Structure formats: C-alpha cells, structure tokens
Amino acid sequence: MAYSKNLTLWGNSDDLITTVANNNNNTIVVVHSVGPNIIEAWVDHPNVTALIWAGVPGQEAGNSIVDVLYGDYNPSGRLPYTIAKSIDDYSAQLVTGGTDADILSIPYTEGLMIDYRHFDAVSRLISAP
C-alpha cells in the first residue's frame, strides 16, 4: 500500500468515515494518530456527532474511550499539537522539492507564531470586537 506524504488519513479512512456517517445519524469518530490530520472531508458532516482524538492507543485504550463516551470521565486535556480544519489554516506549510543530496532553503518567517501560538493569535483576532 502506498502512503501519501501529507496530513490526510491513510487507507481511504475519509471515505470509510463518510460512508458510515451517511448511514448512521449518530457517528462518533475515534482517531488514533501520532499527530494532526486533515479532517475537513467529514468533520462537518451532520451525522458526525463527536470526535475523540485518542492519540496512540495503549493497553487500556478501549476502556478509557468507553469511560469518555459514557460520560464517566471528562479528560478536559489538550493535545501536544494543534489540529486545523484545513491545511491552509496552518501558518507554516510543508516545503518539498529537490533530491536527497539537496539542502533546501526554508525561510522561517513565522518566527514563534507556529502551532498553538499561531492559532491562539488568530483566534484572538477573529473574536476581537
């Protein structure tokens, strides 16, 4: 199986989630991922009623997810990275090109305004009166 070098879900997962949501009016999506993914293909689907970003599963992953789903536990935590709705929402974009022998010149013009700092700054600008 060939995998793309981007933030989309592997193995046609976007199609799977959309198909399930098209047939189930209470679809809860549980994502096990080591980092952010682009989820805009299905996140606004009217039948996707919840999204749990469960990170990398461990031995008790199933039990802990059930505790969250049934309201026995509220994790109220934050992820160590930010998940944007669209790839265009990220301030720093992936730079590709060249060969393995090339050294790419990457301009870091965003300074410290990456990840949560960028999203916090942008959300303050959007919500400002």
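T27 counts as buried because its relative accessibility is 4%; buried means under 20% relative accessible area, exposed over 50% and partly exposed in between, with a 1.4 Å probe and protein chains only. The model is predicted: local features need pLDDT of at least 70, side-chain atom pairs count only at pLDDT 80 or more, and totals for chains, interfaces and linings use all residues. Residues are numbered from 1 along each chain as its sequence is written, and side-chain values use heavy atoms, without hydrogens and water.

T27 sits in strand β1, residues 27-31. Strands are DSSP runs of E of at least two residues, helices are runs of H or I of at least four, and both are numbered from the N terminus. In a regular strand the side chains alternate between the two faces of the sheet. β1 shows this: T27, V29 and V31 point to one face and are buried.

What does β1 pair with? Its partner is β2, in the parallel sense, over five bridges; strands pair if DSSP finds at least two bridges between them. V48 in β2 is the bridge partner of T27. Beyond neighbours within four places in sequence, T27 is in contact (heavy atoms within 4.5 Å) with V20, A21, N47, V48, T49 and A50. A polar atom of the T27 side chain also lies 2.9 Å from the backbone oxygen of N24.

H45 belongs to the loop between β1 and β2. H45 is buried, at 17% relative accessible area. Leaving aside neighbours within four places in sequence, H45 is in contact with T18, A21 and N22. Its C-alpha atom is separated by 22 Å from that of Y90, 45 residues apart along the chain.

Now the pockets. A pocket is an open set of points on a 1 Å grid over the protein atoms alone, where a 1.4 Å probe fits, with protein on both sides within 12 Å along at least five of seven lines; lining residues have an atom within 4 Å of a point. β2 (48-53) and α2 (61-69) each supply at least two lining residues. The largest share, four residues, comes from α2.

The second largest pocket holds about 260 Å³. Among its 13 lining residues, L7, Y90, A92, Q93 and L94 lie nearest the centre.

Conventions. A polar contact is a pair of N or O atoms within 3.5 Å; within protein, one must be able to donate a hydrogen and the other to accept it, and residues adjacent in sequence count only if both atoms are side-chain atoms. Grid points are joined across faces, edges and corners, and a volume is the space filled by probe spheres set on the points.
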